[in-house]
Amino acid sequence: MSAAEPRFKAGEALACQGVGAAPSGGASAPSAGEAETNFFRRRSLSIVGVFLVFLAANAVAGGYVGFDFGAAVADIPAGIVWMAANFVPSAESFGKLGQILSSLASTVLVSIAASCVAAVFAFVFAVLGSRSVGIGGPVSIAVRAVASLFRNIPVVAWAFILLFSFKQSEFTGFFALFLTSLGYLTRCYLESIDEVSGGSVEALRATGASYFSIVAQAVVPMSITSVISWVLYMIETNIRDATLIGILTGTGIGFVFDLYYKSFRYDIAGLVIAMIVIAVIACEAISNYVRRQII
């Protein structure tokens, strides 16, 4: 055996040792299991951090307004017992059922009228302000600005504003619901028209169709389902809001509830609440049935 052969074997052994063993000073890469564990650990810590921030904000806000969360929780059982003892309708309270149903029907009809009239105007404004079929320019900007303004002002604020002009009347409640519905529906219709009418509008424009033909043959057929769904949703929302509006405007079922509640006739007030709940549930059931039929 030559002298070069031992040197070759020694070099080969050192090379194999260097390839097989990592340097002592280097850090090994984390495995897939360790990376997944670190991800979920960071996520859990983030959730805990957000929860602690929420608790701290709640404590600061409660301390500022003098709200004791522990005392409020402790009073819940007593409040439930009081409601069960006082708000249960009595046999005498059913003598006022005719008055309650008449006021409830008035409230429901005002809500439906405000929603439907607002839907008509909202659809016209949405077509004019749409990016796909709208006029564009200042008209589109104005439509979106007005819709955002009306939508972001609460219906209670509208009721207070309109009370100074129209006093306590059915029209005040109708107008407050109408303005809020107009802003909300215009925003919803803008998004619906922009989403569904792009391809059809371009095809009709390529054939030289007029503006009204494009609206009648592309926008209306493709968005009518969404339009009806939003109107039904708005009716449900307005029936709930109309109760509070009636308390402010002195009309409808809200006025009847406020009258008997302030007269300490809690049994009749409880019957009013029960009728409102039944009306809202019935309206929602009818709305869901109509949606299933048109979709």
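Predicted model: local features only at pLDDT ≥ 70, side-chain atom pairs only at ≥ 80, totals over all residues.

User: Let's begin with the fold. How many helices and strands are there in the protein?

Analyst: There are eleven helices and zero strands. Read from the N terminus, the elements run α-α-α-α-α-α-α-α-α-α-α. Of the 295 residues, 32% are buried. The accessible surface is about 17700 Å², and carbon and sulfur atoms hold 70% of that. As for contacts with a separation of 6 or more, 77% of them involve residues 24 or more positions apart.

User: Why does Ser229 count as buried?

Analyst: The cut-off for buried is under 20% relative accessible area. Ser229 comes out at 16%, so buried is the word for it. Ser229 belongs to helix α9, residues 211-249. Setting aside neighbours within four places in sequence, Ser229 is in contact with Arg291 and Ile294.

User: And Val231, what makes that one buried?

Analyst: That's the under 20% cut-off again. Val231 has 13% relative accessibility, so Val231 counts as buried. Val231 also lies in helix α9.

User: Which residues does Val231 touch, not counting those up to four places away in sequence?

Analyst: Val231 touches Ala119, Leu185 and Tyr189. Take Ala119: in sequence Val231 and Ala119 are 112 residues apart, yet their C-alpha atoms are 6.5 Å apart in space.

User: On to the aromatics. Why is the pair of Tyr184 and Trp230 called edge-to-face?

Analyst: The structure holds 20 aromatic pairs. For Tyr184 and Trp230, the ring centres are 6.0 Å apart and the planes sit at 70 degrees. Rings pair if their centres lie within 6.5 Å, and planes over 60 degrees apart count as edge-to-face.

User: What makes Tyr184 and Trp230 partly exposed?

Analyst: Partly exposed sits between the buried cut-off, under 20%, and the exposed one, over 50%. Tyr184 has 26% relative accessibility, so partly exposed is the label. Trp230, at 27%, gets that label too.

User: Which residues form an aromatic cluster?

Analyst: Phe121, Phe125, Phe166, Phe171, Phe174, Phe175 and Phe178 form one.

User: What about helix α10, which of its residues are buried?

Analyst: In α10, residues 252-262, the buried ones are Gly252, Ile253, Gly254, Val256, Phe257, Asp258 and Tyr260. Just after α10, Phe264 takes a positive phi of about 65 degrees.

User: Which residues and helices line the largest cavity?

Analyst: The lining has 13 residues, and Thr107, Val110, Glu170, Ala242 and Thr251 lie nearest the centre. Helices α4 (97-129), α7, α9 and α10 each supply at least two lining residues. The largest share, four residues, comes from α9. By type, the lining divides into five nonpolar, seven polar and one charged.

How values were computed: Residues numbered from 1 in each chain as written. Heavy atoms only, no water. Buried < 20%, exposed > 50% of the residue type's maximum accessible area, 1.4 Å probe, protein only. Contact = heavy atoms within 4.5 Å. Phe/Tyr/Trp six-rings, centres within 6.5 Å; stacked < 30°, edge-to-face > 60°. 1 Å grid on protein atoms, 1.4 Å probe; cavity = no way out; pocket = protein on both sides within 12 Å on 5 of 7 lines; lining within 4 Å. Nonpolar A, V, L, I, M, F, W, Y, C, P; charged D, E, K, R; others polar. Areas by Shrake-Rupley, 256 points an atom, 1.4 Å probe, with all protein chains shown as cover.
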